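Hi everyone, thanks for making time.

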Amino acid sequence: MIPLSITLRQALERLVLPILIVAALGIILLGQADRSLTERVRMGLADILAPAYGLVVWPQEQARTLLDRMRDMGRIEAENQRLRAENANLRHWYDVAAALADENASLKANLHWMPDPSPSFVTGRVVRDTSGLYARSVLVAANVDAGIHKDEIVLDGSGLVGRVTEIGSRSVRVLLITDASSRIPVRLEVSHGAAIMAGDNSGTPRLIYYPQDNPPIEGERVVTNGEIDTMPPGLPVGQIHYVRPGQPVVIPFASLGHLDIVRVFDYGRSTVVPPDAPGRIPVRRPADSLSLPFPSPLRRG
Amino acid sequence: MTPDQAPEFQPGIQPRPSLWRRLDILSRRGLPAVLTALAVLLLSAPFGVPGQAELLPGILLSSVFFWSVFRPASMSSPIVFLLGILVDLLGFGPPGVMLLVVLLVHGVALSGRYGFSRAHILLLWLVFAGVSLGATALQWGLISALSLHLVPAIAFAFQWVLGVGLFPLLCVVFSTMGRSIANPDRA
């Protein structure tokens with residue numbers, strides 16, 4: 001230690017506390033000026049202490065699980081009674097369900113029911129909202145090699161989102177049903193009317209071409225119509241809402257504002273192929289009539 | 001309790017203390033600060049004890065006040081500064097507030113220690129109640145000013161009451177400690 005005179009050392013010792021108080025004031029000012037620095041230092045300390053906190057939490061969790069198990073053991077008798085009753089009830093419902101399934105299968109067999117092909121789908125995450133002022137579309141990161149084609153249907157957990165319009169190497173662009181160029185044929189579930197849902201870049205697409213003598217009912221469900229290829233009937237789209245009399249809009253079920261994970265469905269092209277009209281002779285193309293029944297010598301040379 | 005350095009009881013010529021003895025003295029002198037830091041760490045650990053967040057300032061202020069009055073060598077200003085920094089880093093309030101409060105309590109205790117250390121325990125309790133009331137009010141005012149809105153004062157009142165209620169209990173613990181394991185003269 002550096003030899004100092006006693007008076008000087010006492011003066012220094014008396015200065016320590018004021019200096020530290022000034023330092024504390026400085027720290028307050030620094031913390032107000034640069035909040036991120038404080039957060040970084042605090043997170044650093046928390047990272048250091050995290051294992052120790054884990055050691056503190058572990059015995060608590062063990063004790064809690066032990067207590068819970070002991071409590072469960074106390075309740076085991078009542079629980080058994082309840083489970084037995086519930087099991088009997090469920091067994092009854094299982095029998096009912098099995099009987100109904102059998103009945104359904106036999107009815108379908110009698111009707112020569114053709115089951116719908118189950119669609120294949122690819123799940124992807126919405127990586128970017130490419131909506132601008134004039135378009136509503138999102139980019140979905142999905143493995144395109146898994147077989148995503150143009151015009152496939154995109155659904156989220158609750159309803160129709162849109163259609164695939166462009167395909168990149170790792171992502172696909174999906175035109176949302178709210179886009180101004182989106183036209184989807186829909187069916188109204190209660191009034192049984194058909195209409196076209198036309199997007200207008202707002203959150204609620206308009207409903208156009210609905211039957212005038214059978215107007216949509218406020219609150220009824222809107223599902224897809226199945227009149228266009230690749231889109232099966234009955235997919236949930238939204239709900240009717242009248243913004244003002246005579247102007248019905250569709251409130252989409254899908255949360256188009258914040259899409260996260262969506263599924264791209266392949267329902268197969270032209271699910272319902274119309275048969276050729278009976279009694280009509282297939283039209284011959286003019287080129288066919290000119291073809292010669294024997295190979296032309298001119299073409300050989 | 002005997003003060004840390006009592007020259008009249010120590011002979012002028014002493015044998016040079018061995019390494020172990022010096023370590024012993026050092027650890028006994030540092031025990032109050034280490035225990036306080038440990039209490040701060042434990043009280044900021046996720047125990048889920050009700051009132052844990054309000055308990056921390058009470059224990060910290062009691063410890064700093066007690067040791068600053070009775071043994072400033074064990075609770076010197078830099079040590080108080082480090083404890084304040086630790087509390088501020090473990091907490092989520094505006095940084096530096098608890099640090100300033102603790103340093104001011106330490107300063108008050110140091111300036112009045114000759115009167116306080118001779119006072120009766122009940123009088124000391126009253127003094128601590130006053131000092132910690134001022135400290136808590138300052139803390140509330142600073143936090144309100146720095147976050148630009150009035151923080152509900154009821155939590156701070158609870159914190160003050162808890163600290164004042166804990167002080168006699170901690171006094172007993174600390175003075176027992178100061179006579180036995182935290183006494184450098186016993187090394």
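**A helix and its neighbours**

The buried residues of α6(B) are L124(B), F128(B), S132(B), A135(B), T136(B), Q139(B) and W140(B). Please keep in mind that this is a predicted model. Those buried residues pack against α2 (52-70), α4 (97-111), α5 (113-116) and α7 (154-179), which belong to chain B as well.

Now for the helix itself. In chain B, α6 covers residues 121-146, 26 residues in total, and spans 36 Å from first C-alpha to last, close to the 38 Å expected at 1.5 Å a residue. After α6(B) comes L148(B), with a positive phi near 60°.

Let me turn to one partner, α7(B). How do α6(B) and α7(B) pack, in angle and in distance between axes? The angle is about 150°, and the axes lie 9 Å apart. Angles over 145 degrees count as roughly antiparallel, so that is how α6(B) and α7(B) run relative to each other. Their crossing is right-handed.

On the α6(B) side, the contact includes I121(B), W125(B), F128(B) and A129(B); on the α7(B) side, F156(B), Q159(B), W160(B) and G163(B) are among the residues involved. By class, this contact has 12 nonpolar residues, 5 polar ones and no charged ones.

Is L126(B) buried or partly exposed? Partly exposed, because 13 other C-beta atoms lie within 10 Å, whereas a buried residue needs 20 or more. L126(B) and V164(B) are 38 residues apart in sequence, yet their C-alpha atoms are 8.8 Å apart in space.

Terms used: Residues are numbered from 1 along each chain as its sequence is written. Chains are lettered from A and ligands numbered from 1 in the order in which they are written. This is a predicted model: local features need pLDDT of at least 70, side-chain atom pairs count only at pLDDT 80 or more; totals for chains, interfaces and linings use all residues. Helices (H or I, at least four residues) and strands (E, at least two) are DSSP runs, numbered from the N terminus. The expected span of a helix is 1.5 Å times one less than its number of residues. A residue is buried if 20 or more other C-beta atoms lie within 10 Å of its own, exposed if 12 or fewer, and partly exposed in between; C-beta atoms are placed from the backbone. Two residues are in contact if their C-beta atoms, placed from the backbone, lie within 7 Å. Axes are lines fitted to C-alpha atoms, for helices over the stretch in contact, and angles run from 0 to 180 degrees between N-to-C directions. Angles under 35 degrees count as roughly parallel, over 145 as roughly antiparallel, 65 to 115 as roughly perpendicular and the rest as oblique. A crossing is left-handed if the near helix is turned anticlockwise from the far one by less than a right angle, and right-handed if clockwise. Ala, Val, Leu, Ile, Met, Phe, Trp, Tyr, Cys and Pro count as nonpolar, Asp, Glu, Lys and Arg as charged, and the others, Gly among them, as polar.
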